[in-house]
Amino acid sequence: MSQFTDICRINVKGGDGGAGCMSFRREAYVPKGGPDGGDGGRGGNVVIQADAQLSSLIDYRFKHHFRAERGTHGQGSRRDGKNGEDLILKVPMGTVVRELDPDTQEVMFDIADLTHDGERVIVAPGGTGGRGNTHFVTPTRRAPAFAEKGEPAEEHWIELEMKLMADAALVGMPSVGKSSLIARMSAARPKIADYPFTTLVPNLGVVRAGDYSYVVADVPGLIEGAAEGRGLGHQFLRHIERTALIMHVIDIAGGFEDRDPVEDYRIINSELAAYASALAERPQIVVANKCDMSGMTERVARLKEAVLEDGHEFFAVSALTGAGLQTLMLAVGERVAELRRELAETDEPTEDFSELWERRRHQRDRQFQVVGEGPGIWRVMGTGVERLCVQTDWENEEAVIYLQHRLSRIGVDKALEDAGCEAGDEVRISGYSFAYEGADENVYEEYEDDELAGE
Ligand SMILES: Nc1nc2c(ncn2[C@@H]2O[C@H](COP(=O)(O)OP(=O)(O)OP(=O)(O)O)[C@@H](O)[C@H]2O)c(=O)[nH]1
Ligand SMILES: [Mg+2]
């Protein structure tokens, strides 16, 4: 089935968070009012969303970099910045989204399998906005003269893989001509032979008829008892569960055993029902194959009557001569288009994958590591810790002191001490470096608002 998969890799980056504002209220005759700097806006997310109208990943073949909008900066008078718009990247249903290792570009894990219309996942969250100086007021610091910078959004590579899902499945007893039909209708070239169970794994074929294009699966033949595990059929009934339309194929001539077509039709339908009642209710088109053989008129008429009574459409064809196939292909195309429209209207996204992914990200964010880089030189590595540094205005002494309190609170001091760091040693985080002054003892009651701490 590999020729039907479509894979591409794209680089995604959420919008950066806007900076918080450092500002004080200005009133006539008042030299300096209270702090009133607004928060920076959140950057937009990059979101991958399944869309029933799409059938390929062609949009991502030539464009590889996608950026969401940044948040704007906060302003005075407590005016917060605007949040950046999300960037929504649409993909076909059946797309698997994977995260790639930033260093090796190898697949790390699946982020999501988007199988329903509208299902979505945030693959690159926007940065949070920096907080304005109003947030840093404490009993001992009434006029904080600093604000936080916005959080820069991360950029990374993801892989998109579209797994072709069949729109219709050819179902029927062995040797009725399912593979012969898909070979006639599409470019698929499955094995065809006059013994049962020629087909061992499903084959997919793309059918084009008129303006329609859809995917048909040819699955191994079903026999009586398939729902209980007889024959090969059981494991393939699972595949049929995912297709919207069943093309029920019947050998009108009855094969070597001279079986009765109406009886065959009923047996297959009761197997489907026994496996899952939903399958029995699945839209079905009934195809009488091998109508090129002589003396079939009475059998065709009898089967047709039974099928129409059940409310299904009926087609008499020959995979050998091609008779009736064009009409069948157009009818299936029309039906598939209809079912896709219905699906787009009624299908509720079942799962929000973003939450799981977000949790994983937060977990990674909180981890950090201390390594010795030389005598008296230590490096602290970790996404969360590095981000705190980037969000700090290093020109501003108050902001730097605040950063040191935060680092202490999330356990960086303790980890440095455990590693053997002493007062006066150099500590490096990302591109910054500063002198270690020993563990900070009295920060706990003063800073309560730290979202990174306490886990
Ligand atoms: N006369 C005639 N023979 C056909 C027709 N379609 C298929 N056959 C023959 O029927 C036999 C079985 O065809 P397949 O296409 O392999 O049948 P299948 O349903 O895929 O069988 P399994 O994969 O074993 O379930 C082959 O010998 C085909 O040549 C037809 O329209 N007319
Ligand atoms: Mg076959």
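Analyst: Helix H9 (residues 397–409) gives the largest share of the lining of the largest cavity, 4 residues. Helices here are DSSP runs of H or I with at least four residues, strands are E runs of at least two, and both are numbered from the N terminus. The model is predicted: local features need pLDDT of at least 70 and side-chain atom pairs count only at pLDDT 80 or more, while totals for chains, interfaces and linings use all residues. Residues are numbered from 1 along each chain as its sequence is written, and side-chain values use heavy atoms, with hydrogens and water left out.

User: What volume does the largest cavity have?

Analyst: About 80 Å³. A cavity is a set of points on a 1 Å grid over the protein atoms alone where a 1.4 Å probe fits but cannot get out; lining residues have an atom within 4 Å of a point. The volume is the space filled by probe spheres set on the points, with grid points joined across faces, edges and corners.

User: Which residues line the largest cavity, and which domains do they come from?

Analyst: Among them are Phe136, Phe146, Glu148, Tyr402, Leu403 and Arg406. Domain 1 (2–164) and domain 3 (360–435) each supply at least three lining residues, with bounds from an automatic or database domain assignment. By class, the lining has 7 nonpolar, 2 polar and 3 charged residues. Ala, Val, Leu, Ile, Met, Phe, Trp, Tyr, Cys and Pro count as nonpolar, Asp, Glu, Lys and Arg as charged, and the others, Gly among them, as polar.

User: How many cavities are there?

Analyst: The structure holds 2 of 30 Å³ or more.

User: What joins S5 and S6?

Analyst: S5 (residues 95–100) and S6 (residues 107–114) run antiparallel and are joined by 6 bridges. Glu99 has Phe109 in S6 as its bridge partner. The two strands form a hairpin with 6 residues between them, and Gln105 in the turn has a positive phi of about 65°.

Note on methods
Chains are lettered from A and ligands numbered from 1 in the order in which they are written. On a 1 Å grid over the protein atoms alone, a cavity is a set of points where a 1.4 Å probe fits but cannot get out, and a pocket is an open set with protein on both sides within 12 Å along at least five of seven lines; lining residues have an atom within 4 Å of a point. Two strands pair if DSSP finds at least two bridges between them.
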